[in-house]
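Welcome! Here is a friendly walk through one protein model, taken a piece at a time. Have a look at the picture before reading on.

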Amino acid sequence: MQDSLDLRALRDIGLSHATVQAALAHARPGGTRLARVVEIQRDHLVVDDGADAHAVVPAAALRAVLDRGRDQLVVGDWVWWRPAASDHDRGWAVARLPARNRLTRRDPAGGRQGLVANIDTAFIVMGLDSDFNLRRLDRFLVLAHSADARVVVVLTKADACADPDAAVARVRAHLGDARDDIAVLAIDGRSPAAAQALAPWLARGSTLVTLGSSGAGKTTLTNTLTGAGATTHAVRAGDERGQHTTTVRTLHRTAGGACLIDTPGLRQLWLDADPDTLNDAFPEIGTFALRCRYRNCRHAREPGCAVREQVAPARLLSFQKLLREANRENDDPFQRRRHVTEMKQRTRDNRARNAARASGEDR
Ligand SMILES: Nc1nc2c(ncn2[C@@H]2O[C@H](COP(=O)(O)OP(=O)(O)OP(=O)(O)O)[C@@H](O)[C@H]2O)c(=O)[nH]1
Ligand SMILES: [Mg+2]
Ligand SMILES: [Zn+2]
């Protein structure tokens, strides 16, 4: 029985000072231990205490609290859990600790879906093939920014690209000097050199998440960083279409002791960001807006608009599109319904495209 907390083991699985404080601030439910959610399956969770993984299910009281808040446990959460009476049974997740941060997205019905929690750094993974898309990059950047995570743009498939340096320069130019906090690297995600290039963000006990569209190379990179065969959880689930598409979020330990959460490619990313978060994620817009001729400039066709002159056009387009989305809260029911219809159509189109691509690969 783990009576006192084994902080050393828990730090290995990413326990931060803030979470220790949170753990000590609340009464610990009797007979429970602290562990981190490392995998979520349809009918159970896997939690890890730094030594072992355990299958658990949420206790009724916790499930009621979560349901009431239309909330859910996510990979990266810390929970108090109670072992089952016998080794063959599942234990119980009894309570969740407050998270330091949480990535969420909106669903078409207006609800929120939790993605991951308690992260330090986001690897935004984008392939140097047809996946390369700066507008989508901006969308993932805002997602990472909403959790105050550090961001590294990881351009994969550099081995198959004629001029990876030019691609890095394009991303840099797009982001501009205002976002020089963001690192941009081009790598071959299958090569051990990728682990060396990314080592500065992989400190022991830190938590990272991969974000990016399906096929970008997130799982390939995860496998490289965890060392071949070192991953204990099923990383790839071959689905009905025979593709190696990731279907669940799972937390893995890298060779150097960081925690890396691999995520499925997000087909739809409706941001859960308010205008303030957007302004923070696009700092250059606010800076140059001070120099626009009109105080309420919309940076559209106004003469003397400093934003249009100074900001990369694709960045400005991203900002305006995301701002419209952030203001969707104010939509009337008719607009909302039209939006849902559009989203559903887009999902169908994407599914058809993926299915066509999969059957092409099978042959
Ligand atoms: N040449 C090359 N191929 C890569 C690289 N990274 C990934 N791939 C290939 O790209 C394909 C998709 O890679 P995955 O790692 O499964 O992509 P993913 O982002 O995990 O995709 P989802 O799980 O669907 O979100 C696989 O066939 C990989 O072998 C790379 O750096 N170079
Ligand atoms: Mg994957
Ligand atoms: Zn303007």
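How many bridges join strand E3 to E5? There are 3, and these two strands run parallel. Before going further, some ground rules: this is a predicted model, in which local features need pLDDT of at least 70 and side-chain atom pairs count only at pLDDT 80 or more, while totals for chains, interfaces and linings use all residues. Residues are numbered from 1 along each chain as its sequence is written, and chains are lettered from A and ligands numbered from 1 in the order in which they are written.

**Strands and their partners**

Helices (H or I, at least four residues) and strands (E, at least two) are DSSP runs, numbered from the N terminus. Two strands pair if DSSP finds at least two bridges between them.

| Strand | Partner | Bridges | Sense |
|---|---|---|---|
| E3 (residues 53–58) | E5 | 3 bridges | parallel |
| E4 (residues 78–82) | E5 | 4 bridges | antiparallel |
| E6 (residues 102–106) | E14 | 2 bridges | antiparallel |

In E5, Ala93 stands opposite Pro58 and is also the bridge partner of Trp81. Strand E5 (residues 91–96) is mostly covered, with 5 of its 6 residues buried (20 or more other C-beta atoms within 10 Å of a residue's own, C-beta atoms being placed from the backbone).

Elsewhere, 3 strands make an open antiparallel sheet in the order E7-E6-E14. Its edge strands, E7 (112–117) and E14 (270–271), each pair on one side only. Arg106 stands opposite Trp270 in E14.

**The core**

A nonpolar core is a set of buried Ala, Val, Leu, Ile, Met, Phe, Trp, Tyr and Cys residues joined through C-beta atoms within 7 Å. The largest one has 80 residues, and Ala93 is among those with the most contacts inside it, together with Val47, Val79, Ile124 and Ala144. Helix H4 (residues 134–145) gives the most to this core, with 6 residues. Beyond its neighbours within four places in sequence, Ala93 is in contact with residues including Leu45, Val56, Leu62 and Leu73 (contact means C-beta atoms, placed from the backbone, within 7 Å).

**Around the ligand**

Ligand 1 has 20 residues around it, of which Gly217, Thr219, Thr220, Thr246 and Gly265 come nearest (a residue is near a molecule if its C-beta atom, placed from the backbone, lies within 6 Å of it). Helix H7 (residues 218–226) gives the most to this shell, with 3 residues.

Definitions and conventions
Buried ≥ 20, exposed ≤ 12 C-beta atoms within 10 Å, placed from the backbone. Contact = placed C-beta atoms within 7 Å.
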